[in-house]
Amino acid sequence: MQILRVRHGLDHPNACPFCDQDPETSNHLFVGCSLTRQIWFELLYGWDCEDWMPGHDDALIDWWSDRPAAGKDRKSLVTSVTLILWSIWKHRNKVVFDKEPPCLSKLLLSLREEGELLTNYCCSGATTCSCWTQG
Ligand SMILES: [Zn+2]
């Protein structure tokens with residue numbers, strides 16, 4: 001991400017904006033960061049899929065590709081994971097550009113609200129999407 005920051009003339013530290021302990025890489029931000037790992041844990045636990053918890057050093061693309069869901073469940077998983085990544089990215093940008101403090105509960109609330117909107121919009125009646133209303 002350093003290259004993108006330099007290319008776009010953005011100036012902020014190389015450290016992860018959530019934990020300030022590791023370099024900000026896409027894998028750290030989306031999988032390895034302590035805040036992000038709490039998000040994954042909360043959501044996967046709510047979906048009764050705790051065994052899907054990515055390892056601290058897992059590459060996001062490998063972890064995502066290895067999930068066992070197929071068919072309609074696969075589509076729901078892809079949609080859900082995309083929403084999670086998008087929400088993490090939006091929260092990261094609020095922390096970096098709006099100087100908001102990283103906040104697990106705000107991120108979880110935002111995720112659940114957007115998940116409910118998504119469920120109401122495109123998945124009404126689908127049991128695979130009801131996970132967003134849990135917790
Ligand atoms: Zn971090």
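Start at Lys99: it has 8 C-beta neighbours inside 10 Å, so it counts as exposed (a residue is exposed with 12 or fewer other C-beta atoms within 10 Å of its own, buried with 20 or more, partly exposed in between, with C-beta atoms placed from the backbone). Keep in mind that this is a predicted model, where local features need pLDDT of at least 70, side-chain atom pairs count only at pLDDT 80 or more, and totals for chains, interfaces and linings use all residues. Numbering runs from 1 along each chain as its sequence is written.

Lys99 sits in the loop between α5 and α6 (helices are DSSP runs of H or I with at least four residues, and strands are runs of E with at least two, numbered from the N terminus). Its phi is positive, near 60°. Most residues other than glycine have a negative phi. Asp20 also has a positive phi, near 55°, and belongs to the loop between α1 (2-7) and α2.

Finally, look at α3, where Thr36, Trp40 and Leu43 are buried. Seen down the helix axis, the buried residues of α3 fall within an arc of 75° (taken from the directions from the axis to the C-beta atoms), so they line one face. After α3 comes Asp48, with a positive phi near 60°.
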